[in-house]
Amino acid sequence: MRILGREDVAAALAGLDAAVLDAVRTAYVLHGQGRSEVPFSGFLRPPGDSGSRIISLPAYLGGPEPVMGLKWISSFPANVEKGLQRASSVQILNDLDTGYPLAVLEGGQISASRTAASAALASRALHGGARPVHTVGLIGCGTINRRVLDFLLLTHPELRTVVLQDAVPGRAETLAAQLTAQSGDGRPGLRCTPGGLAEALRADTVSIATTDSTYWLDLAAHPDRPAHQVVLHLSLRDLTPDSVLGAYNVVDDTDHVMRERTSLHRAEQEAGHRRFVAAEIAAVLAGEAPAPEPGQTVVFSPFGLGILDLAVARTVLAAADRAGIGGEAAGFDPGRHGVTAALAGGTA
């Protein structure tokens with residue numbers, strides 16, 4: 001079985017963002033064509049700690065290069081206070097003929113990359129390609145939004161201003177300084193600055209990636225937001241139900257996102273229906289989604305499908321194979337049929 005640890009995955013991902021973006025797009029298209037299997041995610045929460053969870057995401061993705069496997073990802077918000085990453089993840093890929101495990105990859109970077117790529121892909125598609133995106137607001141200055149910016153620079157090369165906001169004092173300033181220091185490295189003319197919530201919400205595209213689950217953000221309380229704004233609602237529990245009900249909503253999968261107390265789940269409970277979902281992202285990419293009303297805010301709320309992790313993991317594994325990155329571990333198959341029984345009989 002192939003093993004790719006943290007450093008292996010990082011090396012394989014280097015320079016791979018364009019390929020990751022393409023892999024995510026392909027996965028969404030295949031899902032829209034019904035060429036995938038995505039069981040509901042399972043949530044495991046430690047007793048007495050409602051903020052922490054481990055999620056299992058089994059999935060199958062068809063197409064010319066089918067793949068199946070499991071993403072096992074934990075989210076423990078208290079890690080941040082200890083100087084640790086909030087989330088950790090393992091990605092398993094299985095052989096489609098035997099079911100045996102083919103590879104295990106450190107999945108945190110894969111998860112962040114697929115989330116960020118899906119957000120940037122949605123931003124480009126939902127702006128229609130005709131409206132340039134000059135400003136981006138990042139609400140939450142952790143790993144996810146840091147990667148979102150990488151991919152937004154691919155999908156919106158005209159991007160010039162990034163406003164960063166975070167509830168934790170100093171985090172926006174720290175990330176702004178890091179981004180500014182890197183501005184000469186492939187980001188000429190990009191201005192990154194910390195700002196307040198109202199300023200971040202005046203951007204053309206706003207990406208929300210926080211650990212908050214209190215439905216705290218009422219978009220109607222910020223009427224000076226631009227027309228045709230796209231809100232990437234990545235953490236799923238920031239927007240009030242009224243904000244959802246007043247928006248043009250796009251999701252990755254309607255059945256999946258209406259679970260686990262997401263803002264859309266709450267909106268469904270209040271409204272008694274799901275008609276506020278205008279389209280799934282596959283329909284948008286295919287040009288089959290209805291257009292929003294003029295000036296209507298567009299909200300993209302992706303639950304996060306395991307097929308995206310499979311698609312990116314497959315891309316990372318192929319890059320690692322080409323570069324000779326990673327190692328092999330024996331003993332993760334069950335052996336030949338009858339061998340165990342024969343050995344047991346010989347020692348009885």
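**Salt bridges, and what surrounds them**

Tutor: A search of the whole structure turns up 13 salt bridges. The term has a cut-off: a side-chain nitrogen of Lys or Arg lies within 4 Å of a carboxyl oxygen of Asp or Glu. Keep in mind that this is a predicted model: local features need pLDDT of at least 70, side-chain atom pairs count only at pLDDT 80 or more, and totals for chains, interfaces and linings use all residues. Residues are numbered from 1 along each chain as its sequence is written, and side-chain values use heavy atoms, with hydrogens and water left out.

Start with Arg-147. One of its partners is Asp-17, and the closest N and O atoms of this salt bridge are 3.0 Å apart. Arg-147 belongs to helix H4 (residues 143–155) and Asp-17 to helix H2 (residues 17–32), so the bridge ties together parts that are 130 residues apart in sequence. Helices (H or I, at least four residues) and strands (E, at least two) are DSSP runs, numbered from the N terminus.

Are these two residues buried or exposed? Arg-147 is buried, at 17% relative accessible area. Asp-17 is buried too, at 18%. Buried means under 20% relative accessible area, exposed means over 50%, and partly exposed is in between (1.4 Å probe, protein chains only).

Arg-147 also forms a salt bridge with Asp-150, at 2.9 Å from N to O. Here both residues sit in helix H4. They are three residues apart, about one turn of the helix. Asp-150 is buried, because its relative accessible area is 14%. Shared partners then join the bridges: Asp-17, Arg-146, Arg-147 and Asp-150 make one network.

Now take another bridge. The side chains of Glu-260 and Arg-45 meet at 2.9 Å, N to O. This pair links distant parts of the chain, 215 residues apart. Glu-260 is in the loop between helix H8 (254–257) and helix H9 (263–271). Arg-45 is in the loop between strand S3 (42–44) and strand S4 (53–61). The two partners fall in separate classes: Glu-260 counts as buried at 19% relative accessibility, while Arg-45 counts as partly exposed at 31%.

Next, the rings. How many aromatic pairs does a search of the whole structure find? It finds one. The rings are those of Phe-43 and Phe-303, with centres 6.5 Å apart and planes at 55°, so the pair is tilted. The pair spans 260 residues of sequence, from Phe-43 in strand S3 to Phe-303 in the loop between strand S15 (298–301) and helix H11 (306–323). The rule covers rings of Phe, Tyr and Trp (its six-membered ring): they pair if their centres lie within 6.5 Å, and planes under 30 degrees apart count as stacked, over 60 as edge-to-face and the rest as tilted. Phe-303 is buried, at 12% relative accessibility.

Charges can meet rings as well. Arg-259 lies over the face of Phe-40, 4.4 Å from the ring centre. The charged end of Arg-266 sits over the ring of Tyr-215, 4.3 Å from its centre. Such a contact needs NZ of Lys or CZ of Arg within 6 Å of the ring centre and within 35 degrees of the ring normal.

Turn to the surface. Leu-44, Trp-72 and Val-90 form a nonpolar patch there, with about 270 Å² of accessible area together. Patches take residues with over 30% relative accessible area and no salt bridge; like charges are joined within 9 Å, and nonpolar side chains (Val, Leu, Ile, Met, Phe, Trp, Tyr) within 5 Å. The areas come from the Shrake-Rupley method with a 1.4 Å probe, and for residues only the protein chains shown count as cover. Trp-72 is in strand S5 (residues 67–75). It is partly exposed, at 39% relative accessibility.

Finally, step back. The chain holds 12 helices and 16 strands. Of its 348 residues, 48% are buried. The C-alpha atoms fill a box of roughly 80 × 50 × 45 Å along the principal axes. A compact globule of 348 residues would have a radius of gyration near 20 Å, and the chain agrees with 21 Å. That radius is taken over C-alpha atoms, and the globule rule is 2.2 Å times the number of residues to the power 0.38.
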